[in-house]
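Me: Please take a close look at one part of this model. I would like a connected account of how that part sits against its surroundings.

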Amino acid sequence: MSVGHTEVTTVGPVVSCGDEHEDCGIRDVLDRIGDKWSVLVVVELAQGIRRFRQLQRAIPGISQRMLTLTVRRLERDGLVTRTVHPTVPPQVEYALTATGHSLTHLVKALADWSAEHRDSIARARRKWDAEHPDSEIR
């Protein structure tokens, strides 16, 4: 604790499931929505229905295989719908479900927090790196 710190900042655990080591299935959900590709797909689909290639162009660095896996996982989790139109070649569109849309305000809050704290985090990283020059953590 810091010298001036004299009180507890939280009353209890952030999440309580009863048993000390129980995660209530939260880890499984956070692993999905917390991976970088899922968040970027949700951000893009928050703007409206997108075809596969539109998603791929909008998300720099994502491979076709990774995008396919990501949208399938999000579909499995009930966050995204996949609609196949009977055209030649088949046209596939993706959209957020109501549950997926309910996630967008949280993603926006996280993005806003990131933007607000970007400079202080960069300063903290530079300071830490200077104090630990041999560290492989980057």
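**Helix 2 and its contact with helix 4**

Reply: The axes of helix 2 and helix 4 come within 10 Å of each other and cross at roughly 75 degrees. An angle from 65 to 115 degrees counts as roughly perpendicular, so that is how helix 2 lies to helix 4. From helix 2, the contact is made by W37, S38, V41 and V42; from helix 4, M66, L67, T70, V71 and L74 take part. Sorted by kind, the residues of this contact are seven nonpolar, two polar and no charged. The model is a predicted one.

Next, helix 2 itself. The helix covers residues 36–45, and its buried residues are W37, S38, V41, V42, E44 and L45. Viewed down the axis of helix 2, these buried residues fall within an arc of 165 degrees, so they line one face of the helix. An α-helix has 3.6 residues a turn, so residues three or four places apart point the same way.

The start of helix 2 has a contact of its own: a side-chain oxygen of D35 comes to within 3.0 Å of the backbone nitrogen of W37. W37 is also one of the buried residues of helix 2 and one of those in the contact with helix 4.

Helix 4 spans residues 64–76, and D77 sits in the loop between helix 4 and strand 2 (80–85). D77 has 34% relative accessibility and therefore counts as partly exposed. The C-alpha atoms of D77 and T99 are 9.4 Å apart, while the two residues are 22 residues apart along the chain.

Terms used:
Residues are numbered from 1 along each chain as its sequence is written. This is a predicted model: local features need pLDDT of at least 70, side-chain atom pairs count only at pLDDT 80 or more; totals for chains, interfaces and linings use all residues. Side-chain values use heavy atoms; hydrogens and water are left out. Helices (H or I, at least four residues) and strands (E, at least two) are DSSP runs, numbered from the N terminus. Buried means under 20% relative accessible area, exposed over 50%, partly exposed in between (1.4 Å probe, protein chains only). The arc is that of the directions from the helix axis to the C-beta atoms. A polar contact is a pair of N or O atoms within 3.5 Å; within protein, one must be able to donate a hydrogen and the other to accept it, and residues adjacent in sequence count only if both atoms are side-chain atoms. Axes are lines fitted to C-alpha atoms, for helices over the stretch in contact, and angles run from 0 to 180 degrees between N-to-C directions. Angles under 35 degrees count as roughly parallel, over 145 as roughly antiparallel, 65 to 115 as roughly perpendicular and the rest as oblique. Contact means heavy atoms within 4.5 Å. Ala, Val, Leu, Ile, Met, Phe, Trp, Tyr, Cys and Pro count as nonpolar, Asp, Glu, Lys and Arg as charged, and the others, Gly among them, as polar.
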